[in-house]
Amino acid sequence: KDKIKKLKSEQDDRMKEKVAAVFQEYVGRGDIRDDELDDAVKDVCSRHSLVVVDQALKEYVEMRGDGLKNASAYLNSILSRVAADGVEASEREREKMR
């Protein structure tokens with residue numbers, strides 16, 4: 001049982017590192033600011049596949065407006081929808097919006 005807990009913890013840590021790298025890509029490109037999203041939404045992202053996280057961030061960057069009051073809540077809602085509907089459905093919706 002301890003071995004399973006240890007492996008789960010290691011897996012969680014690796015996923016957080018991968019999600020952090022995805023966020024850094026977006027920051028590096030200037031798509032988001034380093035302080036734009038809170039740690040809570042980044043933790044939620046680490047519970048999803050990288051494909052879902054990347055798709056949600058693409059939508060977030062394309063759809064956010066200047067008057068956005070809570071960027072993290074907005075990304076969280078996109079993330080939930082992409083996870084529920086699937087990346088393909090999300091991509092189709094993005095294409096329609098362009």
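Biologist: Which residue forms a salt bridge with Arg 64?

Modeller: This is a predicted model, in which local features need pLDDT of at least 70 and side-chain atom pairs count only at pLDDT 80 or more, while totals for chains, interfaces and linings use all residues. Residues are numbered from 1 along each chain as its sequence is written, and side-chain values use heavy atoms, with hydrogens and water left out. A salt bridge is a side-chain nitrogen of Lys or Arg within 4 Å of a carboxyl oxygen of Asp or Glu. With the closest N and O atoms 3.1 Å apart, the partner of Arg 64 is Glu 36.

Biologist: How many residues apart in sequence are the parts that Arg 64 and Glu 36 tie together?

Modeller: Helices are DSSP runs (H or I, at least four residues), numbered from the N terminus. Arg 64 lies in the loop between α3 (50-63) and α4 (71-85), whereas Glu 36 lies in the loop between α1 and α2 (39-45), so the separation of the parts they tie together is 28 residues.

Biologist: How far apart are the closest N and O atoms of Asp 12 and Lys 8?

Modeller: These residues are 4 residues apart in helix α1 (residues 2-28), and are therefore separated by about one helical turn. Asp 12 is partly exposed at 30%, and Lys 8 is partly exposed at 45%. In their salt bridge, the closest N and O atoms are separated by 3.0 Å.

Biologist: What is the angle between the planes of Tyr 60 and Tyr 74?

Modeller: Rings of Phe, Tyr and Trp (its six-membered ring) pair if their centres lie within 6.5 Å, with planes under 30 degrees apart stacked, over 60 edge-to-face and the rest tilted. The count comes to 1 aromatic pair. Tyr 60 and Tyr 74 form a tilted pair, 6.0 Å centre to centre, and the angle between their planes is 50°.

Biologist: Over which ring does the charged end of Arg 29 sit?

Modeller: A charge sits over a ring if NZ of Lys or CZ of Arg is within 6 Å of the ring centre and within 35 degrees of the ring normal. The charged end of Arg 29 is 4.3 Å from the centre of the ring of Tyr 26.

Terms used:
Helix = DSSP H or I, 4+ residues; strand = E, 2+ residues; numbered from the N terminus. Buried < 20%, exposed > 50% of the residue type's maximum accessible area, 1.4 Å probe, protein only.
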